[in-house]
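User: I'm new to this one. Can you walk me through a few parts of it?
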Amino acid sequence: MIEIENVKKSFGQLEVLKGVSMTVDRGEVVSVIGGSGSGKSTMLMCINGLEPIDEGRILVDGTEVHAKDTDLNKLRRNIGIVFQQWNAFPHLTVLENTTLALRKVLGKSKKDADEIAIKQLEHVGLGDKLKMYPSKLSGGQQQRMAIARALAMEPKYMLFDEVTSALDPQLVGEVLDTMRLLANEGMTMIVVTHEMAFAREVSNRVAFFKDGLIHEIGTPAQLFESPERPETADFLKSVL
Amino acid sequence: MFGTSITWGDISFMLSGAGLTLAITFWAMLGGTLAGLVFGVIRAQSPWYVNYPLGTVLDVLRSVPLLIQFILFNSFQSIIGLNMNPFVVGCAVLAAYTAAFCTEIVRGGILSVPTTTRRAARSLGLTYWQDLREIVLPLGTRVMLPSWIGLTLGVMKDTALVYAIGVIELLRSSQIIITRKPHEALVILAIAGLMYFIVSFPVSRLGAHLERKWREND
């Protein structure tokens, strides 16, 4: 379970999170929607400790992420994250990208790591690209590789940070298909996205972010069809 | 030889000078690169109170003419009674000088790796050092290499200045022959130039080769 309790965070003068609270249960898919700069991505970075927070706390399976004695490197093994810029390691092949953390972080042998990585890469439809370098792949393929790379660590949670925003429109579908597959397999996911149709289809709950606060959170049916807050209604009107 | 008064003895004298040039270059680059790596990593991530003093020291090393550094350091070490031999003094001064340049090359290389790539590595559970070793340095090396090759070639030519502290490297050995056979000056200098070239050329070819190889994957 991921518990976010009254988290506040500023970058210099700019307060990007103004007291965010949210709970995500195991097996749940929660989409986070909202305008650019509303703090959605920052919240994801805080969950695995890539960003420090100023106030509040975040618990992942009861471990306080920002506590001084928390082993972040260990905690991060349980939390896969996929970014907007797909962030392939350009000097490594697709297979090496996927096995790096398996070998260096989990200490697996090359043989074991290869086996796990190949399974994950086949899962996302890249089984025939193992020896290729990322630069030879399309954006959608690189993003699917990034998903496989995160999944290979067998995380309990997957965080997606606008993973289709930097893709050409015709490549969005293949990445969403991969995420849909994961959701159907019961992965716990927090998906920051601008793909409303996708959010509506796969989410158990949808959270609406604005100005560093969650204004509304509820089932897709509630939030999309009968939003309680005028801010939510305005936002939906502008994007749908 | 070739109808000139230059003898095989002269050539072999120059070759032994060339050997010293190579040896000094090797030790200066080895020491300078290792120190540059360490200082570069420190420079790329340290707060101002570390960066400022370190940067100042490196700036001094980079700005004061090498000739002055050789003479000052050599005098200093003999005054305090270290009795280092000139070859060691030459290597040490040149290594410090190289380190000052190499630090900036390494710092630039590290900073060229996008933060987002490093975050992706850390998010997989890699430690700071694993990220540095597996991601940042290999990627940064592609940026650093051309400058590093340039530095190597520059340092090789800068070794000529160790004549000031009495080391007879390639250029000094050529000058010695010229003082004995002034009418052959041009030929001797041409031979010395050729020797520098023969040593430098493979280094720059190696650099070009690596750059090409890495670019294929980018």
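User: Which residues in α1(B) meet which residues in α7(B)?
Analyst: This is a predicted model. From α1(B) come B:Asp10, B:Phe13, B:Met14, B:Gly17, B:Ala18 and B:Thr21. They meet B:Leu170, B:Arg172, B:Ser173, B:Ser174 and B:Ile177 of α7(B).
User: How do the residues of that contact of α1(B) with α7(B) divide: nonpolar, polar, charged?
Analyst: Five are nonpolar, four polar and two charged.
User: At what angle do the axes of α1 and α7 of chain B cross?
Analyst: At roughly 155°, and the axes come within 7 Å. Angles over 145 degrees count as roughly antiparallel, so α1(B) is roughly antiparallel to α7(B). The crossing of the two helices is right-handed.
User: New topic. How many residues does each chain give to the contact between chain B and chain A?
Analyst: Chain B gives 17 residues and chain A gives 20.
User: Which elements give two or more residues on the chain B side?
Analyst: α5 (115–123) and α6 (128–158) of chain B. The largest share comes from α5(B), with six residues. By class, the chain B side has six nonpolar, seven polar and four charged residues.
User: Now the sheet in chain A. What is the strand order?
Analyst: The order is β2-β1-β4-β5, in an open sheet of four strands with antiparallel pairing.
User: Which strands stand at the edges?
Analyst: β2 (14–24) and β5 (63–64) of chain A. Each has a single partner strand, so one side of each has no neighbour in the sheet.
User: How many bridges join β1(A) to β2(A)?
Analyst: Eight, and the two strands run antiparallel. One bridge pairs A:Ser10 with A:Glu15 in β2(A).

How values were computed: Residues numbered from 1 in each chain as written. Chains lettered and ligands numbered in written order. Predicted model: local features only at pLDDT ≥ 70, side-chain atom pairs only at ≥ 80, totals over all residues. Axes fitted to C-alpha atoms, helices over the stretch in contact; angles between N-to-C directions. Parallel < 35°, antiparallel > 145°, perpendicular 65-115°, else oblique. Left-handed = near helix turned anticlockwise from the far one by under 90°. Contact = placed C-beta atoms within 7 Å. Nonpolar A, V, L, I, M, F, W, Y, C, P; charged D, E, K, R; others polar. Pairing = 2+ DSSP bridges.
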